[in-house]
Amino acid sequence: METTVQNAPVLPRLNELAPAFDAPTTHGRKKLEDYRGKWLVLFSHPADFTPVCTTEFIAFAKRHADFQAINCELLGLSIDSHYSHIAWERNIKEKFGVEIGFPIIADLSMQVAKAYGMIQPGASDTSAVRATFIIDPEGILRAMVYYPMSNGRSVAEVLRLHQSLSRKDARAAA
């Protein structure tokens with residue numbers, strides 16, 4: 001007997017092209033192709049101004065230079081507005097003395113979140129779960145990790161995963 005699934009969303013798959021996007025961010029419009037030649041960590045969070053999201057963004061901001069040193073850019077995303085992101089960044093700087101130096105996608109249409117499978121059944125219809133995607137310099141999705149909305153991720157682990165993937169590629173090219 002065959003099993004069928006109806007109305008199942010098409011999710012991105014490892015080792016295939018990452019879904020293209022063209023979206024407004026806190027640093028102007030960004031497209032996936034803007035990151036060609038660099039690694040990209042695209043990560044989502046459920047909502048601005050929440051405790052777990054704030055601690056994660058502070059952790060990513062504190063390690064931003066470490067990612068950049070190994071040819072990797074950071075790009076955040078939530079379904080909050082551009083204005084909410086800007087106010088949240090200012091709040092983080094005022095309260096914690098940390099500047100968010102990477103862009104955050106304002107995905108009010110949820111187009112990017114849906115393309116990357118960030119909207120998960122049973123979690124929320126209007127918030128992205130915590131998801132992390134590592135995309136290589138050719139635009140290939142190399143890793144993806146989903147977390148429940150209630151739990152934060154380890155930025156050190158994201159950095160370690162990226163380093164592992166890039167080292168493997170460097171060894172294969174040598």
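View 1. Six bridges link E6 to strand E7 (residues 141-147), and the two run antiparallel. Strands are DSSP runs of type E with at least two residues, numbered from the N terminus; two of them pair if DSSP finds at least two bridges between them. Thr 132 has Val 145 as its bridge partner in E7. Five residues lie between the strands of this hairpin, where Gly 139 takes a positive phi near 85°. This is a predicted model: local features need pLDDT of at least 70, side-chain atom pairs count only at pLDDT 80 or more, and totals for chains, interfaces and linings use all residues. Residues are numbered from 1 along each chain as its sequence is written, and side-chain values use heavy atoms, without hydrogens and water.

View 2. E6 spans residues 130-135, and six of its six residues are buried (under 20% relative accessible area, 1.4 Å probe, protein chains only). Arg 130, Thr 132 and Ile 134 point one way; Ala 131, Phe 133 and Ile 135 point the other. In a regular strand, side chains alternate between the two faces of the sheet.

**View 3. The E3 side.** Strand E3 (residues 39-44) joins E6 through four bridges, antiparallel. Leu 40 stands opposite Ile 135.

**View 4. The largest cavity.** A cavity is a set of points on a 1 Å grid over the protein atoms alone where a 1.4 Å probe fits but cannot get out; lining residues have an atom within 4 Å of a point. The volume is about 50 Å³. Leu 40, Ile 135 and Gly 139 are among the lining residues.

Note on methods: Buried < 20%, exposed > 50% of the residue type's maximum accessible area, 1.4 Å probe, protein only. 1 Å grid on protein atoms, 1.4 Å probe; cavity = no way out; pocket = protein on both sides within 12 Å on 5 of 7 lines; lining within 4 Å. Points joined across faces, edges and corners; volume = space filled by probe spheres on them.
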